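Please read it alongside the sequence and the coordinates.

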Amino acid sequence: MSIDLAVRTTPDEGVIAPRSLKPRTVRSVTKDDVLSFIGSFVSSYCLVYIGYLHLLDLSGWLGFGISWYVIFVAVYWSVLRVANPGYVVRDRIVAVTVCIAVTIVLIALGSTVVYTFTKGWDALSHVNFYTSDMAGVSPTASLNHGGILNALVGTVIEIGIAIAVSVPLGIGTAVYMTEVGGRLSTSVRTVVEAMTAIPEILAGLLVYVVLIVEFGVSKSGLAAAVAIAVTMVPIVARAGEVALRVVPSGLREASSALGATHWKTVYKVVLPSARAGLATATILAVARGVGEMAIPLVCSGASSFMTFNPVGAPMNSLPLFIYTAYVTHEPLEVTRAFGAASVLLAMVLLLFAATRFIVREKRSSR
Amino acid sequence: MAINSAALTDPVPRKIDPGRQLSDRVFHGTARSVGIFVLCVTGSIGVFLGYQAIPTLHHYGAHFFTEVNWEPELNRIGIAAVLLGTVEVALVAMVVSFPFALTAALFISEYAPKRLKSWLVSAIDLMAAVPPIIYGLWGFFLLMPRAIFVARWLSQYLGFIPIFHVSTDPNAGVWQQSAYTGSVFIAGLTISMMVIPLACSVMRGVFDQAPLGEKEAAMALGGTKLGVIRTVVIPFSKGGIIGGTMLALGRALGETAAVLVVISVAYGLSGHILESGTQTTSALIASNFGDATKSVLSALLAAGFVLFLITIAVNGGAAMVIRRSRSGAGTEI
């Protein structure tokens with residue numbers, strides 16, 4: 001009877017529904033869950049504090065963390081066992097393990113960024129770090145002398161040439177694979193896929209042996225740019241192919257039905273609709289190319305003076321500057337290395353922000 | 001009337017396909033030549049390396065693969081130690097990175113709240129784009145002074161296992177710290193940092209495609225989150241997990257910058273991963289090409305060719321596994 005009554009009355013009519021008919025909250029966290037978690041957390045800390053630091057007289061934060069983690073899982077497990085069936089216990093233990101693993105990964109990754117910027121701060125806070133080169137500056141000279149301008153300019157020139165070479169080729173290949181096709185397109189796809197993860201040092205070595213040893217071209221920014229382009233083309237082509245493939249074929253068919261030629265369809269319909277994807281592909285490849293250290297090491301050589309000429313003379317770049325500065329093991333030079341690393345990191349961050357921006361732009365415009 | 005008569009005089013039906021216009025022929029020709037050009041250039045890396053390796057392999061024969069030392073001045077050149085180092089570093093990197101990449105990917109796709117999720121996805125993708133040289137500096141300056149304590153601990157308690165053996169007394173009051181620096185272990189840790197984001201973002205992409213219907217069905221049957229992951233997400237994404245791991249392995253095998261910064265160079269077949277000193281193929285090339293004579297250069301290219309074959313095999317395997325897996329295939333419901 002009471003159920004019938006409750007079904008017919010609604011809260012609007014001023015009758016409060018019986019408690020039993022309230023919708024059950026799904027996946028609620030009970031007080032028991034919270035307390036057993038906090039309890040295990042605190043008790044395991046206390047156990048480890050006493051056992052590890054005082055009874056066993058050990059030291060070291062890493063060992064402390066690891067034993068805390070192990071003890072915590074053990075305590076949490078035994079607490080959960082009291083009131084829960086086995087599968088719930090396993091679920092909770094795995095959830096806790098996963099969360100802790102992610103925290104470790106994030107701390108480790110975050111520390112990379114933070115550490116680079118903190119160590120590089122001394123160099124970054126000097127204006128001359130951005131406005132002068134290392135010509136005639138000894139590794140032990142104070143941070144008021146010398147800077148990374150030559151490496152910065154070198155990186156920009158090299159990556160500029162690499163973009164000019166690799167983006168048309170990469171996007172052309174992507175268009176060939178998706179729009180034109182043909183018998184060869186499968187082999188192109190296979191080779192391009194295989195080459196996306198080719199060790200960059202091999203591309204550098206190839207250019208070194210062919211251009212520099214065989215043809216006697218001197219070490220130069222151009223040689224490095226060509227090698228970087230060789231590693232970038234497969235990345236652009238592969239990511240570009242994915243971007244082109246998701247363009248709805250209805251658009252292509254509509255364009256053809258209106259009488260457009262294939263070229264007009266690709267140029268006016270397919271490429272513009274895949275613009276965001278293609279931009280992302282390019283930026284990903286550029287982010288990879290900017291950080292390339294092995295290729296400039298082999299192909300361009302490290303110069304300490306400023307040059308805008310990519311042909312005929314050695315040219316420095318940021319990753320190579322970092323490496324050569326690190327190799328000296330001079331404290332000030334290492335600080336410069338970290339400064340340059342911060343600038344490089346900032347460049348990658350900017351490129352990445354640009355990607356996010358473009359992708360978001362695309363989503364909001366739809 | 002005029003139109004009708006014209007139609008009657010010319011009864012041949014108009015062709016539906018008028019053939020390609022000039023602009024299309026130019027476009028197709030250009031696209032095809034670009035494709036073929038890229039095929040030639042990228043493909044030529046392999047052919048060229050193989051061609052250049054011939055004189056070396058001819059000269060040293062099988063000794064090239066069994067000789068431990070790299071002493072061009074004594075005409076003793078071999079890649080046994082280098083290959084071992086390459087594989088060891090990559091394996092340590094995989095052992096460390098796999099559990100972290102897997103759990104991080106699981107967390108992002110299954111556990112994280114929605115708002116945190118998009119933030120985490122960007123963070124991981126960003127970390128995958130950080131230049132290796134920066135991870136190298138991190139590994140040398142931040143990780144190494146701390147990791148040697150872990151290395152010492154491992155050698156103290158697990159030293160009876162051959163790979164954890166270190167030929168110095170780990171229990172000495174003033175222990176020899178330099179015996180633990182620049183080891184395979186530390187290089188592997190550094191590289192694992194580099195490949196965790198890479199493997200994680202591949203795995204996460206696959207986990208996200210796990211069929212929602214099947215997940216909901218598992219939950220409706222009373223499954224816990226772990227149950228859903230074990231019975232739906234992991235079986236569905238097996239291909240992606242293996243593929244992502246192999247991609248990371250390919251990257252770890254060929255890494256130059258981070259390894260070059262971290263390791264202390266030594267040639268040997270001891271296999272003690274905690275002990276200072278190792279060498280990898282790409283680091284060997286990077287540090288020896290400069291003063292190489294013609295024959296040494298050929299030897300370096302041969303070493304590069306071996307590395308190339310290994311990477312291609314790993315990548316090809318990864319591509320095949322990803323393609324064959326159920327991931328991305330249409331599902332019911």
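Predicted model: local features only at pLDDT ≥ 70, side-chain atom pairs only at ≥ 80, totals over all residues.

Residues are numbered from 1 along each chain as its sequence is written, chains are lettered from A and ligands numbered from 1 in the order in which they are written, and side-chain values use heavy atoms, with hydrogens and water left out.

**Interface of chain A and chain B**

- Chain A contributes 80 residues to the contact and chain B contributes 75 residues, where contact means heavy atoms within 4.5 Å.
- About 6,900 Å² is buried between chain A and chain B, and 81% of this lies on carbon and sulfur atoms; buried area is the accessible area (1.4 Å probe) that two parts lose on being put together, summed over both.
- The interface has 1 salt bridge, a term that requires a side-chain nitrogen of Lys or Arg within 4 Å of a carboxyl oxygen of Asp or Glu.
- There are 6 residue pairs in polar contact across the interface of chain A and chain B, with both residues at pLDDT 80 or more. A polar contact is a pair of N or O atoms within 3.5 Å; within protein, one must be able to donate a hydrogen and the other to accept it, and residues adjacent in sequence count only if both atoms are side-chain atoms.
- On the side of chain A that touches chain B, helix H4 (residues 86-124) of chain A gives the most, with 19 residues. Helices (H or I, at least four residues) and strands (E, at least two) are DSSP runs, numbered from the N terminus.
- That side of chain A is made up of 60 nonpolar, 11 polar and 9 charged residues. Ala, Val, Leu, Ile, Met, Phe, Trp, Tyr, Cys and Pro count as nonpolar, Asp, Glu, Lys and Arg as charged, and the others, Gly among them, as polar.

**Salt bridges**

- Over all chains, the structure holds 10 salt bridges.
- One of them pairs B:Lys294 with A:Glu214, with the closest N and O atoms 3.7 Å apart. This pair crosses between chains, from helix H12 (residues 294-324) of chain B to helix H8 (residues 200-214) of chain A.
- B:Lys294 is exposed, at 59% relative accessible area, and A:Glu214 is partly exposed at 47%. Buried means under 20% relative accessible area, exposed over 50%, and partly exposed in between (1.4 Å probe, protein chains only).
- A:Glu179 and A:Arg252 form a salt bridge whose closest N and O atoms are 2.9 Å apart. A:Glu179 lies in helix H6 (residues 149-180) of chain A and A:Arg252 in helix H10 (residues 249-257) of chain A, so the pair ties together parts that are 73 residues apart in sequence. Both A:Glu179 and A:Arg252 are buried.
- Within chain B, B:Arg204 forms a salt bridge with B:Asp208, with a closest N to O distance of 3.1 Å. B:Arg204 is buried at 16% relative accessibility, whereas B:Asp208 is partly exposed at 33%.
- A:Arg189, A:Glu241 and A:Arg245 are joined into one network by salt bridges that share partners.

**Cysteines**

- The whole structure contains 0 disulfides, a disulfide being a pair of cysteine sulfur atoms within 2.5 Å.
- The cysteine sulfur closest to that of A:Cys99 is in B:Cys200, at 14 Å, which is too far for a bond.
- A:Cys99 is partly exposed at 33% relative accessibility, and A:Cys299 is buried at 0%.

**Buried positions**

- A:Phe338, in helix H15 (residues 331-365) of chain A, is buried at 1% relative accessibility.
- Leaving out residues up to four places away in sequence, A:Phe338 touches A:Tyr115, A:Thr116, A:Lys119, A:Gly120, B:Leu137 and B:Phe141.
- A:Phe338 and A:Ser142 are 196 residues apart in sequence, with their C-alpha atoms 15 Å apart.
- B:Ser97 lies in helix H4 (residues 80-111) of chain B and is buried at 2% relative accessibility.
- The residues that B:Ser97 touches, not counting those up to four places away in sequence, are B:Ser192, B:Val195 and B:Ile196.
- Helix H11 (residues 281-288) of chain B is mostly covered, with 7 of its 8 residues buried; among them are B:Leu284, B:Ile285 and B:Asn288.
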